[in-house]
Structure formats: C-alpha cells, structure tokens
Amino acid sequence: MMKILTIPLLAFTVLSCAGEQTVSPLDFGNASLIGQTTALSDTTKTRIEGIYTIEGGEENFGRTVVAKWNGKFLSFFAGTNSAYFALQGGKLDSTLVFEGSWRYAQDLNTGLLRLRIDAQEGGRELSQGMIPSVPVVMRGTFGDGSSQPANPIVLRFARPLTPRNRPFWVIAHRGGGRNSDLLPESENSLGIIQMAEGLGANGVEIDVRLTRDGIPIIYHDENLNPRLVKGEFCIGPIANYTFAHLRTLCTLKNNEQIPTLAEALETVVMKTSLSVVWLDIKSEEAIASVIQLQRQYLQLAASVGRTVELLIGLPSLNAVEKYLADSSHGTAPAICELDVADVRRANAAVWAPAWTLGPMLQKVTEMHNEGRRVFFWTLDGAEFIKVFLDQSMPDGMVTNYPSIIAYEYYVR
Amino acid sequence: MHNSKWMLGLLLVTSLNFPDEALSQNSSRTFVLFPGPQSAGAFGVSTGFSITLIPRAIAEESLLQLPLIDIRSRYWLTDNLFVLGQANIVYLTNQVTLGIGWSYSFGSVSLALSDEAGYWFGFADFQGFESTAMGISNIPSVTLGVEFEEIFVTLRTEALIPFGQRTTFGTASVGRFNPKLAGFAFTLAVEEELWKNNYFLYGVRVQYSLPLYQTWLAFSSFNRWIVFPGFFVGYEL
C-alpha cells in the first residue's frame, strides 16, 4: 500500500509548493523630490514627449524609448524586455525632475528611477513652456528592487512623436492589467484604473456583473475564487451574493473592495484622463442598468468638461437582443464582439473582434467606411501587435501590457 | 537564472546518489521508462493518459484542461543503446518526441542519458479562433532507475530547450526562432505488475519552466518560470 501512496503524496507536496510570487509597489518615500516641485504646464509636457536614445541602461531598456504623457504620468516605453517607466514630474527652479519606477511588463524585474533635465540641457526653456534651444538631455539613475537608484542612465531627445491623422486607443484589459502580472493594484479595482495611464493606456476595459440584489459591480470571473479575492467565505457564483455580503465578506487580492460600476465610472471621469471605457458585460441582465449608468456618467463627464466614451459591450447574441430591447439603446453607444452583420444590426460604434481570427483587413475597411471603429482584443505579444499595426490599421487594441502596444505604435 | 543553477544542482545530486546495493538481475520485462538493462531487439510500448495542470494564473476560468492520449515506446538497438519515442495527442495540443539514449546498469540501479527532438502542434478552429501553432524543441535527459523487488522506480530529469515556433491566426502568421533553456522537468514513475502479467506505469511529472507548448492556446506571454504539475498513467502492452 505504501508504494502506491508514494506518487499521490509527492504530487500533493508539489502542488502545495507552488507558492505565489509578489511584486511590491515601489516609491522613494521620504527621499522623494516630487513634493518639492511645482506642476508642469501642458505645453511643457507636450514638448518633453518624443523618441529618446538611451546611454547607460541599454541592457535593461534597449537603445530607444518612447516618452509620452498620459494624464499625470510621464511614461517611457522600451522595445527591450517589454520595459516601461511610469514617472511623475515637476519643476524645481529651472530643473525638471521625474521619479517613479521601471518594470519589465512580462516578468518581475522592477526598480526605482529618477531623472532630471538640467537648466543648461533644456530645463530652463522647458520650465517656462518654451522650445528648448539645445537638445534635451535627461540624466539620472535607476536601481534594482527597492534599493536606491545607483546605475547611471542618460536619455537624449532624438525626435518628436509622429503626428497622427486619427486617434489610436491603447485599452488596458481589466482596468489596467491582470492579477497574474502582479501589479500593485488588483485587476478591476479603482486603483488599477488610476494606474492604467502610467502603463501607457488611454482607455480601459472593465468587466460588469450583477450582484444578487441587482447592483452592477466590476469583477471578471463567474465565481469568487482565490485568484481574485481574499475572504474565508468567498466561494461560488458571485451572482449569489448581495452587494452588502460582498462588501462584508470579500476583498480583492490587494485588499481593495470590489467596486461598483458607478464607483469605477466616477473614478474614470474624475480622477483620470482616460477617453474610452469598454464595459464588458458579463451578466446580460445588467444591460438595462448599465445603460442608465452610462447616461448618468456621460452627463457628469460633460459637466466637468471631460471627453470620454462609455461603450456598452455586446459579447453575445443574447446581449445584442437585450440591448436592442432597451428603448434607449439608440443613444447608448456600444461595442460589439460578434460578426460585422451583428455590429450593423446593433448599430455599434465599435467592432471588437478577437485577434485570433486574424487581421481581417477587408472587414476592418468595411467598418471604417461605415464610420465605425475597430478594436482588436486581447493582444500581448509584440510580434503579433506589429502584424495588426501593419496589416489591418485598427483604431485600438485591448492588451494586458499597454506599454508594449504604446511602444510599437508611437515609435513608428 | 539562479533557478537554473539550483535545478542543475539537483540534477547532479539525483544523478550521483546511487544506492550501493548488491547486484541483482532485473526483470526480463521491457519497460518504457525504467532504463535497463535489456537485450538488443527488446521493445516496449505503453498507452494511457497524461495531463499537465495549467496554473490558474494562465488558465483562469476559461482554459479546459484535457487529458492527452499518452503513447510511449522504446526499442533496444544493443544491450545499452536504445531509441525512444512518445506521443501526446488531444487535437488542440499535441507533441511527438523521438530520440536516442544510452544506458548502463549497476546491479539494481540503472542510469541512462538520452536526447529527444520534439515537435508540437495544435489547432483551434472554434468560436473566436482561427489559429494553429507548431514548434520544435530539444529535450536532453538523465534517467535513474532503481529496482525494488518487483517495483521499478524511475526518476528522470529533463532540460527543456524550445528552438522556435510558428503561430497562424486567420491569414497572418508569425514565426520565432529563439533557442534557449526554458525549463526543467522531473518525472517520478513506477512500473509494476498490478495483476498477473498486466503491467502499468504511473507517475508525476513536474515542469518548472516558461509557459511552453501546453499553454499555446492561452497565448501566455509570461516571461517567468512557473510550476506545471502533471500526472500520467499507462498500460504496458
């Protein structure tokens, strides 16, 4: 009997040992300089954007990075190691200071980073919103893990970003990224929505479900499970729980509360510059109440001068039927994942095909000719992203790694 | 990279830690995993099922974890030299390996070195997918076998070296050739007669690697090593 038990015992041991890794959020703490700086003007921010060459950090970040402001973040996107920097910045007299962290999007390497533009290397003119008379140079240091930055790095301005004749959306999956990528905020949380712009996104996709008492919340899976939540009693279909029960019993993986859709939309409108939200409807019964919230938060956005699109996701024929059955669907912009015939039937503003179907240039062109946009989902690999940028000219892509799409798009 | 060094160390330890037992003659049965000894012309084949458990970080709620048909065979060219092959088939994800190995026995303990070439391929042509993928790899291994009376225990350590892969999606295709050490796998298996002249093999296989062919349909882009436990059972024909 013992010999027969050996294998299951070993298997149990192996399965028990598969511990979860974590990546802690990094910041400079008391050593931060950002609190001593004053805010940069929009003009200054725009003049900092561009393509930079790297000296001193090539092994980590490659030779070229894209610098792009997204909301309050100055982000840099690298073509090597899927690296990105998410920095905040300000001016100290005639010097511009930026600090934050870098990370390889697809693994766990991360560290602190601080850069400055000295007065004589463009800082003086930039701090006044003027065009620099000399090539802009950013100098600084980066570190590994939570250690203080000590490795020198120099970024030299090479050229401005190429002007575009139409917008392009980098849409962050699940509000900004998945739990499996070990970001410091949980997927589909208010925190990750605020983090998404730093990762390179200008839009987010969030997942909408209904609680048992009819409250639209954002949560991906059908069930409460250890991948997404903490809580002794959090098991089974989330639709079996009232909102009060969820708030009492469960938190997301990084201890945040499961947000309501209303809280998520309030965050998008009031605390970010995101311009597109894909409301991925996981519970078709939620469509009527989501349309009401869509209207309410579009009004809020208009009242504060924000331009943002809130798109009702239509992932199934049932969802299309429920959407068309709602009397106000004509004024509720939608994004449809089905075939182009269903997109036309729902008169959706955006067609959202899975990338695994291929580039489908002919259908993309048809959609464009009808005044619709096309967002492919969910593209993570640089080699695949390049194919779609080259072959089908979509208007946006959903991704778990906004920084990779941002690099591939803006470096062109 | 420190993980790789740790695994290499373990491989070395498991390869050198031979029990110092009196010589004994192994069964005349030809096994597909236990590394010997055998006579030239001996042939063994097994058929069964195997499954690799895809971690929740990759599978989430949506990826089906199907058992694969698992066929293994070995043919002894000489008393020490053998060719071996394995096929894992389930349409969505399949792999065929073919290789050659050399074995030496110290009484009840046997040691084998082998190297296999792997070809994997998969098809996804259901809703939302018009995708196929294929790749090639190299799998060198060290196998230690110990006979305990009628129980034949095998510990095999593999290095996983994918050479490249090609993925097709709709009308487009992307290829990548990037040979690199991408992980290790450890197999602990038992082959024994469970009842009269009916021999079975069963065991666990633990892979510590980048996401490899088993996860192609999830298009996982993780660049970190992950534990993939697996189980298999087979009937030796």
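Predicted model: local features only at pLDDT ≥ 70, side-chain atom pairs only at ≥ 80, totals over all residues.
Let me begin with the barrel in chain A, where eight strands close up in the order 1-2-3-4-5-6-7-8 and the pairing is antiparallel; strands here are DSSP runs of E with at least two residues, helices are runs of H or I with at least four residues, and both are numbered from the N terminus. From one strand to the next, the twist averages 30°, where axes are lines fitted to C-alpha atoms, for helices over the stretch in contact, and angles run from 0 to 180 degrees between N-to-C directions.

Residues are numbered from 1 along each chain as its sequence is written, and chains are lettered from A, with ligands numbered from 1, in the order in which they are written.

As a general point, strands of a sheet pair through backbone hydrogen bonds, either parallel or antiparallel.

Now to the domains. Chain A is divided into domain 1 (29–159) and domain 2 (169–410), with bounds that come from an automatic or database domain assignment. Taken over C-alpha atoms, the centres of domain 1 of chain A and domain 2 of chain A are separated by 30 Å. The contact between them takes 15 residues from domain 1 of chain A and 14 residues from domain 2 of chain A, and two residues are in contact if their C-beta atoms, placed from the backbone, lie within 7 Å. On the side of domain 1 of chain A that touches domain 2 of chain A, strand 2 (64–70), strand 3 (73–78) and strand 4 (83–92) of chain A each supply at least two residues, and strand 3 of chain A gives the most, with four residues.

Let us look next at helix 12 (residues 382–391) of chain A, where F384(A), I385(A), V387(A) and F388(A) are buried. A residue is buried if 20 or more other C-beta atoms lie within 10 Å of its own, exposed if 12 or fewer, and partly exposed in between, again with C-beta atoms placed from the backbone. Seen down the axis of helix 12 of chain A, the buried residues fall within an arc of 155°, so they line one face of the helix; the arc is that of the directions from the helix axis to the C-beta atoms. On the other side of helix 12 of chain A, E383(A) and D390(A) are exposed. The buried residues of this helix pack against strand 20 (373–376), strand 21 (396–399) and helix 13 (402–410) of chain A, together with strand 8 of chain B. Just after helix 12 of chain A, M393(A) takes a positive phi of about 50°.

That brings us to chain B, whose secondary structure comes to two helices and 11 strands. Of its 237 residues, 37% count as buried. Strand 1 (residues 43–52) of chain B pairs in the antiparallel sense with strand 2 (residues 68–76) of chain B over eight bridges, and G48(B) has D70(B) as its bridge partner in strand 2 of chain B. Strand 1 of chain B also pairs with strand 11 of chain B, in the antiparallel sense, over seven bridges.

How many residues of chain B are in contact with chain A? There are 30 residues of chain B in contact with 27 residues of chain A. On the side of chain B that touches chain A, strand 10 of chain B gives the most, with four residues. By class, that side has 17 nonpolar, seven polar and six charged residues, where Ala, Val, Leu, Ile, Met, Phe, Trp, Tyr, Cys and Pro count as nonpolar, Asp, Glu, Lys and Arg as charged, and the others, Gly among them, as polar.

R209(A), in strand 10 (residues 203–210) of chain A, is buried, with 24 other C-beta atoms within 10 Å. K253(A) is placed in the loop between strand 15 (251–252) and helix 7 (261–271) of chain A, and with 18 C-beta neighbours inside 10 Å, K253(A) counts as partly exposed.

Conventions:
Pairing = 2+ DSSP bridges.
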